Amino acid sequence: MNPGSSQSRLRSVASTLAVALTLVLAAAAGCDSRQEPALSSVQEKMRETHIYGQSKLRIGVATNEPLMGELRNGQHVGFDVEIARYIAASLGYEGEQRLEFVSVATEDRIPSLQGGTVDLVVSSFSMTEDRKQLVSFAGPYFVTTQEVMVPVRLKDKIRTIEDLRDPAYKVCTSGGSTTEAELEKHQVKTFVVKNVGDCVDGIRKGRYDAVSSDESILAGFLASFPKEFEIVDMPFGTSELLGIGVPIGDPALRDLVAFFLQKSYVQGRDGDASPWQTAYNRTLGPWLKAEKRQPQPLEVPKLVDFDDKAPAK
Amino acid sequence: MSAAPTATSGDGPVPPPRTSVPAADSPTVDGTAAGAGGEVAWPAAVPVAEPAEPVVAEVEPGRVRWDPAERRARASQSFWTAVVGVPAIFSVLRLGVEAGGELQTTLLLVANVGPVNLLAGFLTTAARLLSTGLVAVFALGAVLAVSADRLPPGTRRRPLFARWADITPAWVVLASFLLALITWPLLYLPLLLPAFVAAFQLRPARLHERVVPRLLLIGALLAGYGWLMLPTMRDAMRQGDEWLVLALIVVPPLLALFIAGPLPGLVIRPLASVTEVAVLATLIWAAVPVITTPVLPLTVTTVGPESGPTEDVRGHVVTTDDVNMVILQERGGVRYVPVDLVRAQVLCPSEEELPRHQLRIHDFHVEDSLLEGMGRRVRPVHRIDAACRTPA
């Protein structure tokens, strides 16, 4: 046995191993190419939701919050409505024939989801721990703060939370809102009405002196009556995370809504025109003091979709 | 270890070496009458088949058993028969499957799907399978051919793939590798490396005659490959359960260093038989999806009167004339929809196109082929229409 032959034998053994391993790898690759994706796909999630096969999607929106959700000439308009349209279209419900907007008052948002009269609620719905016991939330799709709006005649008199506590001023807010609880925490006595719009009407008629709510809602009324009101920046210290309300028994639908919000978020982050940015620019944008961006949605599931292979840049 | 056993086994079943036109009664290796087709006049465009290893053939005359002209004729005949016949048969089979097995629906499709469309549609879906089969045969064939001298004495004939690799012109082999390069998913492309090295017998010794520069060259090549793949490998590690992907990226280039052969004599016969069966089985197994892939694109058509309820019909549009749009529904059955009831129509992706891995190689998705990846660069935004989400 000379060294040359042992080397040649070694080489032929290495060749055999290489051929065998290549064949094994090729076989593994072949099996892999026929496997189902490990992650569930958007289409699979769709099949799990309660809306699958439903001919119409019913979305609860506000009809009396200018810029957010408003009924103007029989048409639903506003930031919430545009977000609702985007989510509906992503879920396969596009056009008036397939999408039904249901008017939902602030206090009816949870009962209407529980009672099944709507499939989703997009109506300045703050995500709070208490509410999460009753409904699920996808989002946030907007972060806002609590503010106070006063008529121009009082703009120099009501500047602080201390001023609000003055019994001389009647502070109004909508029932079942986070604002109501927050004011109570600061020992501000409030007059509780059904909608923020009622407060604004009341102030214009002289019944109340101030209204407190989310900045986004107040900005809407300021846009309607720019000469009569002013928003006062007060340090309430809480931020309101607005989310999309989903029935608590439908986690698949919640996941899908969160997934589509995330899709828009990623588009906006990469500098493209996202559906969120378009909705914001068309409604709230010009009326808010500070420029806002879409917040990152929370608890977004990883789902596989058809456009996953598209280039990232 | 020499060529003696094969060359001197003339008393066995292997016919003695022939150098000129054979006698009509001497059987060839596969038992057909020799000499047939030897006088065919060749058009200028038909390439001349070269034996894969002309040098070896000269040194070992015992391996040349056919007249070159006859061999060329046979190879060319079977090549063109396969090129024309296989797609035609597959296309007709696909139409039958597409029609849901219904005779009348099949006839409707036959009447409306043009042969060119059918062939083009077949090639777009079958190019991957076709190139895989060819690459496997040529790579295995070349390795077996170079090892054939080590076959134990008394062996009847050289392995089938080795004979195929011998008679195939180099341009066909190269073309199959090119086809594989542009149609295989990027993830599987590293496997093409050992296959290419095997098919063209590129031993590391070919890089440089001296050892040190040779090692440096190999190191540089591997480093370049590593630079290309490193971000993807990091992603795969982070995702945790992508071991196969990691193996597919890391192992093949290393195997390419050793794969060229020759193999030990003991292994050749079992390897040849096993791989022949395996390639055949794989082709059949992989042909099923090709037959069941739709011939026509999937659309959702919104149907309804001007003002009134609409309905979404999910299916493949067979044809449209002045009166009707004929839709082969996804769940089966043909719908004739009056043209003036058609409100909208969108193109939809099918669920088979969903990716299985969330990995990219320099922004090319690992499950895209080079062609698809380049296509996505030309049209980067792909919006799925809302109607495609609705149930069938």
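Into which domains is chain B divided? Chain B is divided into domain 1 (4–20 + 28–37 + 47–202 + 260–292) and domain 2 (298–389), with bounds that come from an automatic or database domain assignment. What you have open is a predicted model, in which local features need pLDDT of at least 70 and side-chain atom pairs count only at pLDDT 80 or more, while totals for chains, interfaces and linings use all residues. Residues are numbered from 1 along each chain as its sequence is written, and chains are lettered from A and ligands numbered from 1 in the order in which they are written.

**Chain B, between the domains**

Select the contact between these two domains, to which domain 1 of chain B brings twelve residues and domain 2 of chain B brings 15 residues; two residues are in contact if their C-beta atoms, placed from the backbone, lie within 7 Å. On the domain 1 side, the elements that give two or more residues are α4 (103–112) and α7 (170–183) of chain B, and α4(B) gives the most, with four residues. Helices (H or I, at least four residues) and strands (E, at least two) are DSSP runs, numbered from the N terminus. By class, that side of domain 1 of chain B has eight nonpolar, four polar and no charged residues, where Ala, Val, Leu, Ile, Met, Phe, Trp, Tyr, Cys and Pro count as nonpolar, Asp, Glu, Lys and Arg as charged, and the others, Gly among them, as polar.

**Chain B, two loops**

Next, select B:Leu207, in the loop between α8 (189–199) and α9 (211–239) of chain B. Leaving aside residues up to four places away in sequence, B:Leu207 touches B:Arg214, B:Leu217 and B:Ile218, and its C-alpha atom is separated from that of B:Ile218 by 8.3 Å.

Then move to B:Asp363, in the loop between β6 (360–361) and β7 (364–365) of chain B, where phi is near 70 degrees, a positive value in a residue other than glycine.

**Chain A**

Chain A is divided into domain 1 (42–143 + 241–302) and domain 2 (145–232), and their centres, taken over C-alpha atoms, are separated by 26 Å. Finish at A:Asn73, in the loop between β3 (69–72) and β4 (75–77) of chain A, which is exposed, with 5 other C-beta atoms within 10 Å.

Notes:
Buried ≥ 20, exposed ≤ 12 C-beta atoms within 10 Å, placed from the backbone.
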